[in-house]
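Morning, everyone. Let's take a quick look at this one together.

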Amino acid sequence: MQRTPLYDRHRALGARFVEFGGWEMPVQYSGILAEHRAVREGVGLFDVSHMGEIEIRGAGAVAAAQELTVNDLGRLRDGEAQYSLLCRPNGGVVDDIMVHRVSDRCVFICVNASNRDKDFQWMRENCRGDAEVIDRSAEYALLALQGPRATAVLGRLTTLPLASIPRFAFRDAEVAGQTARVAHTGYTGEDGWEIYCANAVAGGLWDALLDSGSSDGIAPVGLGARDTLRLEAALPLYGHELDDDTTPLEAGLSWVVRFQKPEFLGREALLRQREAGVARRLIGMVLTEPGIPRQGYSIVMDGQIVGAITSGTKSPTLGKAIGLGYVRPAWTDVGTKLSIDIRGREVSGEVVHLPFYKRQVQGG
Amino acid sequence: MEFPEDLKYSKEHEWVLVEGNTATVGITDYAQDQLGDIVFVELPAIDDKVSKEDAFGVVESVKAVSDIYAPVSGKVLEINDDLPDNPEMLNEDPYGDGWIIKIEMNDPDELKDLMTATEYEEYVAEEKE
């Protein structure tokens, strides 16, 4: 199993570990509920160095990335990022990714740890024109600083004018005296930053961020709370809401797919599906009786199975049992009463608006 | 980590307090620590029959679902009604307010299969390795 450069620090902080995508990662430190609350109310620091980093380089880098991904890189200037997807010609999702336009010759892509090898192969095989695909994952660590206090904590360690960096923009800069790529992105539903850096400086940055955040009650946060945070924000997790047999249109990610682009992998199949309609769609459910939905549980209506749960938990912020899942389009309207088969017992719930949790934007 | 001397322990990390023919059952300090924040509990009904080493209930942490196993066979005399609304009591006081059910035992001889506090402490130490 692989370990991140911060493994010893996690151990010293009392972390409990879990295997994830071939990595031995911290799942919790003080406890998932406390860590979750720290990110919603203050600030949390995550080691997500297991994530992969793949670059497309060359004179044709942007054009190659346009063809490989479903979102429109034409909308990006240098220093801007966008959420996107790699799709197969049949529309199935190879991975969900974050695409950063560094320059007209360099596109920097953050991919899921569990898909890194698959993505790299896929991109290399399908990369056309004057461009090269390079797996740089082994060089990079990634820290995520998330929560309403994140900007204040990071601001003490850099001269970057953080307040003027929009969401989804990124800058290469010094943080605590180390070179890093600072992106105004995250996977928690809170404001925050993701900091890419060389493995060798990750430990120093981690320490500096914890130190800077000590007066803000900063907490190290493991993958357990990362999952509950993203689920409340209804952000998909590959292997749960997304896989090779699921299309973006089914997953409620139509907004990511830019059909205006003349060509990209999956375009024809997705256009056909848009016209024909999807056979199932992602919904959010809240249970109205005691119980917790979990991946694989059947969604039931009038005794018939109409779908399945892909992720579920007891929402720490809302105090309610929430779940994401796929059902036939007929049952996707908000307010639709559906049940979940929990160990042979039908537990009532209903379809709700997504996300389950939306942060209050400052200055509203 | 606490291992009260007056209790008996199962390999599935339940504890048993024996008073006459009644066995009070809960999960151990080690079990609650391993599970993490417990957010849901499913209990049997009073008068339900439980069998040694069969699941009689469920505890769910934020991340995972775990069965609770009966350390002895018998009939459910009492359940801890406060638990469903306060599942965190299993974390906060596993040997006290976090008790789960009381069983009227069929066969007190089954208690012989359970561990003493010292044996259980060793068992946990081995499992941790």
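A word on terms before the fold: helices and strands here are DSSP runs, helices of at least four residues and strands of at least two, numbered from the N terminus. And keep in mind that this is a predicted model.

Chain B to begin. Count its elements and you get 3 helices and 9 strands. Read from the N terminus, the order is β-β-β-α-β-β-β-β-β-α-β-α.

Next, the packing. Of the 129 residues in chain B, 49% are buried. Then the contacts. Take pairs at least 6 apart in sequence: 61% of those contacts join residues at least 24 apart.

Chain B exposes about 6,300 Å². Carbon and sulfur atoms supply 40% of that area. What about charge? Chain B carries 9 positive and 35 negative charges. Their mean positions sit 6 Å apart.

Over to chain A. Here the topic is domains. Domain 1 comes in two segments, 7-49 and 139-232. Domain 2 covers 279-364. How far apart are the centres of the two domains in chain A? Over C-alpha atoms, 29 Å separate them. The domains do touch: 12 residues from domain 1 of chain A and 14 residues from domain 2 of chain A take part in the contact.

That's my tour. Over to you.

Methods:
Residues are numbered from 1 along each chain as its sequence is written. Chains are lettered from A and ligands numbered from 1 in the order in which they are written. This is a predicted model: local features need pLDDT of at least 70, side-chain atom pairs count only at pLDDT 80 or more; totals for chains, interfaces and linings use all residues. Side-chain values use heavy atoms; hydrogens and water are left out. Buried means under 20% relative accessible area, exposed over 50%, partly exposed in between (1.4 Å probe, protein chains only). Contact means heavy atoms within 4.5 Å. Accessible areas come from the Shrake-Rupley method with a 1.4 Å probe; for residues, only the protein chains shown count as cover. Lys and Arg count as positive and Asp and Glu as negative; His and the chain ends are not counted. The place of a charge is taken as NZ of Lys, CZ of Arg, CG of Asp or CD of Glu. Domain bounds come from an automatic or database domain assignment.
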